[in-house]
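Have a look at it first, then read on.

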Amino acid sequence: MDGNLIQALPGPHNLDNYEKVYKNFDFASVEKEFSWFETGRINIAYEALDRNVTEKGLADKTALYYTNGPRVEEYTFGQLKKLSDKFANVLKKFGVKKGDRVGMFLPRSPELYISFLGILKIGAIVVPLFEAFMEEALKDRLGDCEAVAVVTSPDLKSRLPLQHLPALKHVFVVDNERGGNVSATEIDWHQEMQAAPDTEAMVWVDRETPMLVMYASGADGKAKGVIHVHNGMVGHYITGKWVHDLQPDDVYWCTADPGWITGIVYGFLTPWMFGLPIVIKGGRFKAEDWCETLEKYGVTVWYSAPTAFRMIISGGDELLEKYDLSKLRHILSVGEPLTPEVMEWSMAKLGIPIYDTWWMSETGMNMICNYRCLPIKLGSIGKPFPGITAAIVDDDGNELPPNKIGNLALKAGWPSMLRGIWGSEEKYKEYFKFQPWFISGDSAYRDEDGYFFFQGRVDGVINTAGERVGPWEVENKLREHPAVKDAGVAGKPDALRGEIVKAYIVLNEGYEWNPDLSEELRNYVKKGLAAHAAPREFEVVPGIPKTKEGANDRKALKGWALGLK
Ligand code: WT7
């Protein structure tokens, strides 16, 4: 390490000369990597899965290592192809077709990946639903996109507010390791799978056919259904090659949940495009289990988040000394700022750098990153991926010079970019109010060498342990509680989680603040919305700061949370 700089690793790497490639690269040159370049037949499920069997001779190679307590399984590409064909045929049997939205509400399990691929194969659209979502969050998402089917588990299904989801016709219940009975009104996933043929089920689509509606929280209003299309694969593939530097012998582990975009794009689609085995670990995070998993499967490329690294760091040297992590070639990080201490820990204890990757649900692929061939500046998210123009613009969309903090903007038009917001042209247009820029909602600056430095969200969206929480959704839930007259929510800085959800509460007459009420309100949000969205801190205030229009003033609330009240 040289001051604040970590030198580039010696090559060869898939990307060896960043500056030169950056100057000349065009995404169109990636298209020849796909079968459809010759055949004209397009489906991301073919490129990620079936092609490994039909063209690459990898039918017997392990595609998925699954581990969750006593349940330990392995699946080859050949097996997954057949199983996902089966599920695609099940969906066809029930009349689910191209363009239909299908919710995916399952804990991490092989059935989730099989179902996911099955849905893509018939050209239907997956709606990922994080396992922690409760009734209200599910109603908003499945209701907004009028999903016709959902794949779920015995213990999650009871949260589905079926009476509020008139479009939802089929509930496929996977009787997985958690046990439970399937009631007569639902469809038994396993029974149908057993009966279904594993004949080819692929439906060919266009590059612009939607494949995913990914709900992402904004600052105000309900979560937005970010639409991604099959063409996104162009961006997935080339970032897998150049950012993740994927090599034929790699074993890849992305710890993000497939309820979020990272757990989908890099959790399985991208590594499978390279014919690589992925590791999926079910259950909750435990630092020790994670180290054991890295060792057991000989993980070579690990994609995770600063909160996880910090939890492993807090396990101390004893934890690391127990495990052999020498197969790791490098680590990648996403979702929240990668602080210099974490990078220094990795260099000192593991002897390898962590490559930060900045992107978001809306971008569909890694956008600003560090690369093996470039020196890393500590605290910087790196440089734009080839083919991506990034800039810092002011609140009128004018480009700012180096070292000035402003809105992080990206020139619209990359292959994995969102194509719309479900049901709202208006919300989609908000991202593009300053042509030619896509406005990310993050603030950042760029230094003279072209490195970007992330500063925070500008719009009040909260990032707690890498999970995106919309303050409006939490406030709305809190206001439903009889004790709450008004509520304002903001992210408060936190050493472990980056930010925690902090709620300012105006009490209704007749209510007094006490620790029980704090616990009750926390549980109220947890049970109604999702555990990760529940405030960890409350403060009673006489009033919530408002804008001229009468909405919660996000800037003022953020100021409060930063201690400026
Ligand atoms: C927000 C997007 C797809 C990425 C996972 C989260 C924050 C993302 C970084 C990073 C600091 C980051 C931003 C962004 N974020 N990557 N490397 N360093 N912050 O996707 O849920 O759509 O959240 O996560 O604030 O806007 P998401």
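This is a predicted model: local features need pLDDT of at least 70, side-chain atom pairs count only at pLDDT 80 or more; totals for chains, interfaces and linings use all residues.

Residues are numbered from 1 along each chain as its sequence is written.

Let's start with the ligand. Of the 22 residues around it, Gly-335, Trp-358, Met-360, Ser-361 and Arg-468 come nearest (a residue is near if its C-beta atom, placed from the backbone, lies within 6 Å). The shell splits into 10 nonpolar, seven polar and five charged residues; here Ala, Val, Leu, Ile, Met, Phe, Trp, Tyr, Cys and Pro count as nonpolar, Asp, Glu, Lys and Arg as charged, and the others, Gly among them, as polar. At least two shell residues come from each of α9 (261-273), β15 (354-358), β22 (437-446) and β23 (452-457). Helices (H or I, at least four residues) and strands (E, at least two) are DSSP runs, numbered from the N terminus.

Now the strands, which pair if DSSP finds at least two bridges between them.

| Strand pair | Sense | Bridges |
|---|---|---|
| β6 (149-152) and β7 (170-173) | parallel | four bridges |
| β7 and β8 (187-188) | parallel | two bridges |
| β27 (498-507) and β28 | parallel | four bridges |

Down at residue level, Thr-152 has Val-173 in β7 as its bridge partner, and Phe-172 has Ile-187 in β8.

β27 also belongs to an open three-stranded sheet, ordered β26-β27-β28 with mixed pairing. β26 (484-494) and β28 (537-540) are its edge strands, each pairing on one side only. Lys-502 sits opposite Glu-537 in β28.
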